[in-house]
Amino acid sequence: MLGRTLREVSAALKQGQVTPTELCQRCLSLIKKTKFLNAYITVSEEVALKQAEESEKRYKKGLSLGDLDGIPVAVKDNFSTAGIETTCASNMLKGYVPPYNATVVQKLLDQGALLMGKTNLDEFAMGSGSTDGIFGPVKNPWSYSKQYREKRKQKSHGENEDSDWLITGGSSGGSAAAVSAFTCFAALGSDTGGSTRNPAAHCGVVGLKPSYGLVSRHGLIPLVNSMDVPGTLTRCVDDAATVLGILAGHDPKDSTTIQDPVKPFTLPSLTDVSKLCIGIPKEYLTPALSSEVRSLWSKAANLFESEGAKVIEVSLPHTSYSIVCYHVLCTSEVASNMARFDGLEYGHRCDTDVSTEAMYAATRREGFNDVVRERILSGNFFLLKENYENYFVKAQKVRRLIARDFVNVFNSGVDVLLTPTTLSEAVPHTEFIREDNRTRSAQNDIFTQAVNMAGLPAVSVPMALSSQGLPIGLQFIGRAFCDQQLLTVAKWFEKRVQFPVIQLQELMDDCSSIFENEKLASVSLK
Amino acid sequence: MATPMLRWCCPGRRWIFAGIGGGSRHGRGVPTGSTSSGKRGQSSVAQQPLITAQKPRKGEREWAAVVGLEIHAQIASNSKLFSGSQVDFAAPPNSLVSFFDASLPGTLPVLNRRCVEAAVMTGLALDCHINRKSLFDRKHYFYADLPAGYQITQQRLPIAVNGSLAYSVCVGQRWSQMVTRTVGVKQIQLEQDSGKSLHDNLRSQTLIDLNRAGVGLLEVVLEPDMSCGEEAAAAIRELQLILQALGTSQANMAEGQLRVDANISVHHPGEPLGVRTEVKNLNSARFLAKAIDYEIQRQISELENGGKILNETRSFDYKLGCTVPMRDKEGKQDYRFMPEPNLPPLLLYDSGSLPTGADPQQVIDIDQLREQLPELPRVTREKLVRQYGMRPEHSFALLNEVGLLEFFQNVMKETRAEPKKVTSWVLNTFLGFLKQQNLAVSESPVTPSALAELLDLLDRKAISSSAAKQVTDVKKGNPRAINKLIGLVRRATLGRADPTVIKEVLERQLSS
């Protein structure tokens, strides 16, 4: 049951094959068994069981709230949850219990979803590995998959397998791992430069970053307000559409959300792609791209072409300036957004009480890790009066050029862009930490952050396993607010590629009952 | 009766009209004697503009002072600029604080329509150009009563620019020698107020009250077109009246709803402007005038003694009557301005550009607001002068006291007395008594009808002027005044009437 998609399990709930409480308990039990993945910071067991009980009552009365009623979900720990600790994986917010729910959390709860817990991340979502939070790194479930283990055995004998676990990518690695390891059916991530798509690609799940303004940011503890978007991590594209349909729409509490009403939608099953025009941005073919990803990328392009779609090479000429521009804008907003953490109203406060200034300094030194402090320092530097024009204003201008690149391409008739999501498959943690957070972020956000600067929707869809048995995802980028069209194309692609399901039986051999009659390998991805 | 105005208009200064010391009720008194004599008496003290009053001694050159003002007016709105919290000056500490006001992470600003309308109306009343598109910025600094670590303001593109404010000052020997001056309005911007810090030195603690945090402010920047404290005070008083007439701010300086910072410099005419100082936190027009004049004199003496003026922030010590440098631990701040990413550009429309089918709740039509503008004080005064042949200074005096104009107009409706007489009675006798009793017009025991009736009696010569004044005395609660009236009646009846009966009749009449 746990291996099913959200839609399938929703149908099972409606048909009474399983009750919300059973489902909830199974997920809780699996969360406990996969605790070593470190996917969750907080497991809200009591809350979830209570919600399951309520949901069960509704089902018994035939008053189900909809597709999400009774469905276990997880939420990244940078979304505010009323009464549940929200830490951003930072000492600064350890023990902070928000008095309100983020709009997206509230929308999930209003639909009857069961909140299993809060998932791990890089501190304040600053990172691309889910390795830099105070609760430690998240381990990629694929590290323990049959597919990866078998390949490892063939290649390297005698190596300590346990110490060679893989990173999930990030910063929404906890959410990606939670969905990938079947501990929930959907999870919320946040995406500022690729934080939802990157771990989705590494964990073999679907990671959607909706159009900026389509989904409310109210309650999402910000990284970069002008780029942050709540994202979804799901097992399939249809599930992404289901969750997006619930989350999307105007929120009076977020002035940057669209005014027009958004209705929940079901994705059509595309049969004919001959009217479709797929753009392949030539600038995304960088030397750093692994040969495996590159070959899968061209294979995907060929797939579209062979099915009658028009596939053309396009140019996004300002791509190479994107990452440095992103760095300036991101750190500047970070410097500003982090100013509120002063130890006065909430969060960590140091013991120093010599003066208010000394208290601020010590609180912030103790509360933030080096990555956060470095970004605050850089950002404040860029915002100084003497630097503002040369850095911030220039970066804003470049941002506009980058956004215009996309507009030009879409105006030329391209429907969606097809790109890699990541340079390669997930790397072992030991290898990942050889470079610092900033370098890693710059490397790993390369294909993803331009989309955030332009506010466009993008989705990472797992395509195939690498020679090492690890997932590789490709990214589709759509026109602003054409999220539905984007997902329709992604769904067609997903159906064609038939990405294999993660095989975790070996890992969870002692909980095989969970997977009984699941026939994991045969889970149909419609 | 003492002439309280003298207390705030020192010898050697020009006169400004009643009510410029708007902050305190005591400072607003009008002499009880007849208007003309009272004023004549006072105007003899003051003549020359302050700067030229400093007669240059031999070999010395003249000085000119340049004064600009920055005004923060709290917007009269039910809720704060970006949150739904109520605005209430007198609420218990931290009782009006939303999650946004306390800067809880994840909260976002939502612009209050009423505050935007208030800014547009104020801009229109000050002949500003209203920007169809304005932007919000973050201004960063760490302070305990600024929970977010930044203030949302409009630094780059404010809502209104390039306006003007006309105000009147008296220049000559006589009250009637009033001139209208104009000060440019550089810009009006919307911004958030901060919270309040209360320093408990005894326990070396700072207590924070966030009730005020996030209340909408109009920052009005006046160009440095003024040259002395009186001009500044008169401009502020006029602005105060305009804001009150518009209802965009209660503009009560004593309650901090109107806060003024002054930028002051001196130079020799024809030479470049001098280094300026900023005098902060002036909480009454009277102190504003005093502080500016003090600061001008200080700068002149400093420069004449070979000293230098530092570009610094000073505060006014109202007890000592001088400005002192403010202890600024932070030194020169870099506010690291940045666009506020959570608020889209503020777009305003006019009847021509209004998008068709737009939700009226979501758009603001400048032309519609222009139509709704109430009569401005300048127009009201002109009308009074035209309609009643009133002297301009009297029209000023009538507007300077809350409710006085309405009182006057109600008296006028019911009496046959000459407007001049009514004006004199309202401004002198009536207002004088109110001042004496420390009452606001709304608290007056004398109704407009009663005064109208009294003036009618006076008009018909049924009673004398002094008797009429004693009637008002009785009405004001002076029981001994009735004895004088009894005496008058006895004299009128040649001693034939019984004093007890007279008293009964009078009391019945007066209490009716």
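Helices here are DSSP runs of H or I at least four residues long, numbered from the N terminus. With that in hand, welcome to a tour of a predicted model.

Figure 1. Helix 8 spans residues 237-247 of chain A, and 11 of its 11 residues are buried. The buried set includes the aspartates A:D238 and A:D239, along with A:V237, A:A240, A:A241, A:T242 and A:V243. Further along, A:L244, A:G245, A:I246 and A:L247 are buried too. After the helix comes A:G249, whose phi is positive, near 130 degrees.

Figure 2. If you follow chain A from helix 8 towards strand 7 (277-281), you will find A:V273 in the loop between them. Is this valine buried or exposed? A:V273 counts as buried because its relative accessibility is 1%, and the cut-off for buried is under 20%. Setting aside residues up to four places away in sequence, A:V273 touches A:F304, A:E307, A:G308, A:A309 and A:W492. For a sense of distance, pick out A:L401, which is 128 residues from A:V273 along the chain. The C-alpha atoms of these two residues are separated by 30 Å.

**Figure 3. The largest nonpolar core, seen around A:F476.** This core holds 166 residues, and four phenylalanines touch the most other members: A:F124, A:F304, A:F406 and A:F476. Which element gives the core its largest share? That is helix 13 of chain A (residues 385-411), with 8 residues. Now centre your view on A:F476. Leaving out residues up to four places away in sequence, A:F476 touches A:F304, A:V416, A:L417, A:L418, A:P457 and A:A458, among others. The contacts of A:F476 also include A:V459, A:V461, A:L486, A:V489, A:A490 and A:F493. A second, separate core has 72 residues, including B:V169, B:L282, B:I292 and B:L369.

**Figure 4. A cis peptide bond in chain A.** Zoom in on A:G170 and A:S171, which are joined by a cis peptide bond with omega of about 15 degrees. A:S171 is in the loop between helix 5 (146-155) and helix 6 (173-180) of chain A.

**Figure 5. Two residues with positive phi that are not glycines.** Begin with A:F182, which has a phi of about 65 degrees. This phenylalanine sits in the loop between helix 6 and strand 4 (186-191) of chain A. A:F182 counts as buried because its relative accessibility is 2%. Then turn to chain B and find B:D127, with a positive phi of about 55 degrees. Its place is the loop between helix 3 (113-125) and strand 2 (129-130) of chain B. Is B:D127 buried or exposed? B:D127 counts as exposed because its relative accessibility is 54%, and exposed means over 50%.

**Figure 6. A:T331, a threonine in helix 10.** Helix 10 of chain A covers residues 319-337, and A:T331 lies within it. A:T331 has 1% relative accessibility and therefore counts as buried. Beyond residues up to four places away in sequence, A:T331 touches A:R375, A:S378, A:G379 and A:F382.

Figure 7. Chain A contains 18 helices and 11 strands, and chain B contains 14 helices and 16 strands. The C-alpha atoms of chain A fill a box of roughly 65 × 60 × 55 Å along the principal axes. For 526 residues, a compact globule would have a radius of gyration near 24 Å, and the 22 Å of chain A agrees with this. Buried residues make up 63% of chain A, and 53% of the 512 residues of chain B count as buried. Of the contacts in chain A with a separation of 6 or more, 79% are between residues 24 or more positions apart. In chain B, 69% of the contacts between residues at least 6 apart in sequence join residues at least 24 apart. Chain A exposes about 18,800 Å², with 51% supplied by carbon and sulfur atoms. For chain B the accessible surface is about 23,600 Å², and 50% of it belongs to carbon and sulfur atoms. Finally, chain A carries 55 positive and 58 negative side chains, and the centres of the two sets lie 4 Å apart.

Note on methods:
Residues are numbered from 1 along each chain as its sequence is written. Chains are lettered from A and ligands numbered from 1 in the order in which they are written. This is a predicted model: local features need pLDDT of at least 70, side-chain atom pairs count only at pLDDT 80 or more; totals for chains, interfaces and linings use all residues. Side-chain values use heavy atoms; hydrogens and water are left out. A nonpolar core is a set of buried Ala, Val, Leu, Ile, Met, Phe, Trp, Tyr and Cys residues joined through side-chain atoms within 4.5 Å. Buried means under 20% relative accessible area, exposed over 50%, partly exposed in between (1.4 Å probe, protein chains only). Contact means heavy atoms within 4.5 Å. The radius of gyration is taken over C-alpha atoms; the globule rule is 2.2 Å times the number of residues to the power 0.38. Accessible areas come from the Shrake-Rupley method with a 1.4 Å probe; for residues, only the protein chains shown count as cover. Lys and Arg count as positive and Asp and Glu as negative; His and the chain ends are not counted. The place of a charge is taken as NZ of Lys, CZ of Arg, CG of Asp or CD of Glu.
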